[in-house]
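Please look over the sequence and the model shown below. The briefing that follows is grouped by topic.

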Amino acid sequence: MKTYNVAVVGASGAVGEELFRVLEEVKFPVGNLLPLASARSVGQEIEFKGKAYKIEELTETVFEGRDIDIAFFSAGGSISAQYAKFAVEAGAVVIDNTSHFRMDPKVPLVVPEVNPEDIELWEDTGIIANPNCSTIQMVQLLKPLYDLYGGFKRVDVSTYQATSGAGKQGMEELVRQMQDFFAFKLGESECKAFAHQIALNVIPQIDVPQPNGYTKEEMKMVNETNKIMHSDFAVSATCVRVPVLRSHSEAITITFAEGTDVSVEASREALANFENVKVIDDLEKSEYPMPVTATDTDYTYVGRIRKDNFASNILHIWGVADQVRVGAATNAVRIAQKWIKLEENA
């Protein structure tokens with residue numbers, strides 16, 4: 001089997017660490033591996049397939065002469081903005097997990113189960129963008145229903161996003177505050193990762209405010225959804241941080257064209273037959289997806305599939321996925337796998 005030389009930028013971060021796990025689990029054909037991070041992580045070791053690799057510093061010249069085929073970037077938008085071009089110039093395809101390139105009209109924004117054909121556009125810039133974690137799991141559930149009913153009129157989503165969406169520091173802050181709670185010191189806890197206490201609380205703001213009253217995270221879901229699905233239906237999002245360590249949940253309301261009579265049974269079947277989606281939907285038995293269901297898995301789970309009480313063209317669903325994997329590392333690796341197939345078939 002042909003192998004591919006792989007670089008991981010952000011090797012010491014939460015998504016970087018998960019990338020190594022996913023690459024190993026799927027038996028990705030890695031030849032040489034180059035873990036990269038900032039100067040403060042240089043010398044740390046990561047283990048991959050039983051072998052230790054020392055993290056090197058990300059610089060403008062580090063890709064030169066390394067014959068890197070695929071470079072995963074997961075170290076923040078400013079890092080991708082500064083360094084991705086050097087990986088491309090050295091001959092690598094960049095799979096970028098930050099927001100920097102997502103809405104660039106020349107850069108494909110890809111969820112392989114939804115729009116794999118867009119990967120072919122990578123040659124325009126040498127870059128393929130990985131969407132926002134919340135967007136990924138939502139479009140995986142929207143796509144089979146979009147195809148079943150021939151489109152949407154509107155999608156409304158409320159998210160319940162885990163602290164891991166803010167990285168290691170987000171999870172650590174939740175754990176620390178819960179420890180403080182049981183020690184009767186919660187009021188003394190510092191809030192660094194989040195603007196407010198996250199333990200025993202929910203925060204209806206993720207990312208910075210926008211002029212229209214939405215947050216940047218909410219507008220990512222709006223804009224990225226239509227780019228991925230090559231559509232123009234209305235999308236509205238409310239994104240909320242919840243005291244969960246890992247896996248995002250979403251309550252999604254889908255309004256179809258006037259006159260559409262949605263079928264719960266047909267919708268459930270379409271979702272169950274879609275790639276990497278699993279249906280758990282038996283309310284009588286208290287069976288539905290939860291964050292603990294999805295954590296450390298590579299599936300997007302869906303349940304609570306029900307028709308609206310007042311309008312026959314509205315369907316409500318509940319989706320959950322591990323956003324570190326499905327919403328980041330796993331989606332990036334799936335993009336790379338599709339890219340390899342295209343290259344080998346060319």
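How many bridges join strand 1 to strand 2? There are 5 bridges between strand 1 (residues 4-9) and strand 2 (residues 30-37), and the two run parallel. The model is predicted: local features need pLDDT of at least 70, side-chain atom pairs count only at pLDDT 80 or more, and totals for chains, interfaces and linings use all residues. Residues are numbered from 1 along each chain as its sequence is written, and side-chain values use heavy atoms, with hydrogens and water left out.

**The sheet**
- An open sheet is formed by 6 strands in the order 5-2-1-6-7-8, with parallel pairing; strands are DSSP runs of E of at least two residues, helices runs of H or I of at least four, both numbered from the N terminus, and two strands pair if DSSP finds at least two bridges between them.
- Strand 5 (56-57) and strand 8 (127-129) are the edge strands, each pairing on one side only.
- Val8 stands opposite Pro35 in strand 2.

**Helices on the sheet**
- Helix 8 (residues 325-345) lies across strand 1, strand 6, strand 7 and strand 8, at about 160 degrees to strand 6; axes are lines fitted to C-alpha atoms, for helices over the stretch in contact (heavy atoms within 4.5 Å), and angles run from 0 to 180 degrees between N-to-C directions.

**Helix 4**
- The buried residues (under 20% relative accessible area, 1.4 Å probe, protein chains only) of helix 4 are Gly170, Glu173, Leu174, Gln177 and Asp180.
- They cover an arc of only 130 degrees around the axis, which puts them on the same side of helix 4; the arc is that of the directions from the helix axis to the C-beta atoms.
- Gln179 and Phe182, on the other side of helix 4, are exposed (over 50%).
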